[in-house]
Amino acid sequence: MAKKGRDETKQSGGRRSSGLVITLLGVVFLGFMATQWHDRQLVSNINVIGATGLSRIAVQRAVDTLKAKHLKTLTLADVRTCVECIPYVRSASVYFTGVREMTVEVDERLPVAHIVHSDGSLRYVDAFGVVLPNAVERTAHNVPVLQTTDGSEISSADVQHIVSVLIAGSRTLHPMLYQEISEVRYDRKLHTVEIVTDETRWRLGVMDASRATQAFADMNVFWHETSQRLNMASVSEVDLRWRNQVVLRYHVAPHIVERAA
């Protein structure tokens with residue numbers, strides 16, 4: 001009786017193994033057929049997310065060439081590389097969101113300033129100091145102009161240096177103060193930075209991003225403590241070259257406001 005039980009167990013195990021193999025073969029076959037069916041599908045719709053007037057037309061033109069193509073002819077990495085070649089696109093993500101639908105998600109290079117190009121036109125500059133070409137669509141970004149004090153063309157290295165100071169301002173200054181900045185002037189001989197606002201100008205001296213952060217923090221404290229009682233229209237210059245001090249030069253006579261460290 002024991003031998004018969006062992007034989008039945010062997011037969012039952014054999015049947016289970018055969019059934020498992022057949023099931024696995026079926027799954028592999030269905031997966032193969034599904035892949036073949038998917039590869040034969042045509043791209044019918046492409047969604048673009050994150051593109052504004054800076055890159056929208058260029059991105060749309062690039063992805064429109066993919067419509068009605070078989071999915072098997074497309075590689076997501078190649079599509080992403082194509083989109084990232086557009087100057088106003090910093091990075092992109094490409095993925096399928098349906099059987100025949102693809103989504104392209106764009107992270108744009110946002111302008112933080114203008115520079116005056118050699119032909120007299122204004123060009124946008126992004127947060128990394130990259131000078132961008134003219135946008136296809138007309139855009140309205142309220143950003144300051146970067147220029148040299150002697151009117152000479154600004155170099156790429158100088159652009160990156162000034163932009164780093166400007167970014168420190170955008171992260172540190174009160175939004176109302178930052179929005180008043182209309183120009184950032186750079187003296188190439190003295191390596192000093194000066195900010196021009198609607199009412200006055202700020203002298204920053206020789207600056208890097210770290211020192212600028214401290215100077216703008218001092219400006220925040222000064223503005224918070226005096227904005228309600230001080231008429232900035234009478235101030236010709238705000239000097240931020242010294243740590244924990246804000247020196248005002250009036251149109252008539254100088255006045256110093258000092259803050260303890």
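Visitor: What should I know before I start?
Guide: The model is predicted: local features need pLDDT of at least 70, side-chain atom pairs count only at pLDDT 80 or more, and totals for chains, interfaces and linings use all residues. Residues are numbered from 1 along each chain as its sequence is written, and side-chain values use heavy atoms, with hydrogens and water left out.

Visitor: Which residues of helix α2 are buried?
Guide: Buried means under 20% relative accessible area, exposed over 50%, partly exposed in between (1.4 Å probe, protein chains only). Helices (H or I, at least four residues) and strands (E, at least two) are DSSP runs, numbered from the N terminus. In α2, residues 56–64, the buried ones are Val59, Ala62 and Val63. They lie on the same side of α2, because their arc around the axis is only 90 degrees. That arc is taken from the directions from the helix axis to the C-beta atoms.

Visitor: How many salt bridges are there in the whole structure?
Guide: Side chains of opposite charge can pair when their charged atoms come close. A salt bridge is a side-chain nitrogen of Lys or Arg within 4 Å of a carboxyl oxygen of Asp or Glu. The search finds 11.

Visitor: What does the salt bridge of arginine 109 and aspartate 126 tie together?
Guide: Their N to O distance is 3.0 Å. Arginine 109 is in the loop between β3 and β4, and aspartate 126 is in strand β5, so the pair ties together parts 17 residues apart in sequence. Both residues are buried.

Visitor: Which residue forms a salt bridge with glutamate 194?
Guide: Arginine 185 does, at 3.6 Å between the closest N and O atoms. Glutamate 194 counts as buried, at 16% relative accessibility.
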